[in-house]
Amino acid sequence: MPFEATYQAARSVAGTIESYFDHHFATATLNGGPEAVHQPHAPEIEAMIDTAFWASLRHEEGYSPKVTLAFLPPQQAGRPLIFAHRLRFTPDILTKLAPAVERPGIHLGVWCEGEELYIWGTTREIPGNCFVLEVIEPGLLVIKHRRLDGFGKFVNVAILKGDQIKIVDESTADSLDCPIVVTSMLGFTLPSFWNNSMNILVQLAVSMRAHGRGGLLLVVPSMSNAWRDSIIQPISYPVVPVFSQLAELLRQEKEENVWRRDVSLSIDSIAGLTAVDGATIINDRYEVLAFGAKIGRSALSDRVEQIIWTEPIVGNEAVVVHPAQIGGTRHLSAAQFIYDQRDAVALVASQDGRFTIFAWSPNDLMVHAHRVDSLLL
């Protein structure tokens, strides 16, 4: 394909992205997956990133385009809407089409013939591992793919913002004490069933981040009440009896689309509670115990003075910092809670979109803060 990107990051990252998808398609094939007819290669990747980037900087009737592109032929899509005439893949056409496909779940289908990319239509159904490029805001692009089983959030591969490139480091999942919720976000080779505890927490994180108000969710053991030692009494909004709708749904039949919708609605209702000042508390059965709770240091514990901070991005190195260095009151409270209650997990959303997961590291004997907003875009 005789194409030369003018967006330097597109040229820089295309080979790395090709290698990523080559590995994942090969692994899927070895495991009996379908033929990789829609596997992307560096020239197509470079052209798609370059065109999407320049489109993201344009405006149509005062709006910046938000559009999601899927690289596949129409016969690989489920129930596609196919245009009578192919459209050229250019920033101008992407900008004009964006308002029609802005809502979540709709993809513009992009494919190549000979040496040219073209837009063939739209689809809501794409196969596993399908290369997806999403324009989030001007200059911010995310490369991702659909999970093989089709459930849950797409897996992020790379984030490009202007001249900044972040490649997700899948090897983070190999850490012995990496929280399950983080490994699921990284997750091609990991289980990712919708009802699995990993994916439920991922969906909660996505929903918490989406409401934009910031929030704190504590996940505590269902077989212990020790967590109460780290909560100031009385709790503003205790839930009695516990709210168990999500837990009950996860015990039901899991084949119907209606069930998936009900699970999503239940997740959103729990995530909505985190917008209230204070912490929302659920147990590992996904029963809601309280919200608006204030965290206090346990009488049996010391004050947390340092934590490990990492981001699952290639080239990132772990640093030891005081918890106040990575955020405000929510982050400090979450770090203290995990320092006191080492069998719990804390999810913290900031109003600016940052998202951090706190868990105890038995290897380092320290609270570990995993910054994961790059995995949630």
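Six residues first: 6 residues of domain 1 are in contact with 8 of domain 2, contact being heavy atoms within 4.5 Å. This is a predicted model, where local features need pLDDT of at least 70 and side-chain atom pairs count only at pLDDT 80 or more, while totals for chains, interfaces and linings use all residues. Residues are numbered from 1 along each chain as its sequence is written, and side-chain values use heavy atoms, without hydrogens and water.

Domain 1 covers 8-166 and domain 2 covers 200-375, with bounds from an automatic or database domain assignment. Their centres, over C-alpha atoms, are 32 Å apart.

Now the interface. About 640 Å² is buried between the domains, 59% of it from carbon and sulfur atoms; that is accessible area (1.4 Å probe) lost on putting the two parts together, summed over both. There is 1 salt bridge between the domains, defined as a side-chain nitrogen of Lys or Arg within 4 Å of a carboxyl oxygen of Asp or Glu. K166 pairs with E311 in a salt bridge, closest N and O atoms 3.2 Å apart.

Next, the cores: sets of buried Ala, Val, Leu, Ile, Met, Phe, Trp, Tyr and Cys joined through side-chain atoms within 4.5 Å, buried meaning under 20% relative accessible area (1.4 Å probe, protein chains only). The largest has 52 residues, and I17, I49, L69 and I143 touch the most other members. Apart from it lies another core of 41 residues, including L217 and F355.

Technical notes:
Buried means under 20% relative accessible area, exposed over 50%, partly exposed in between (1.4 Å probe, protein chains only).
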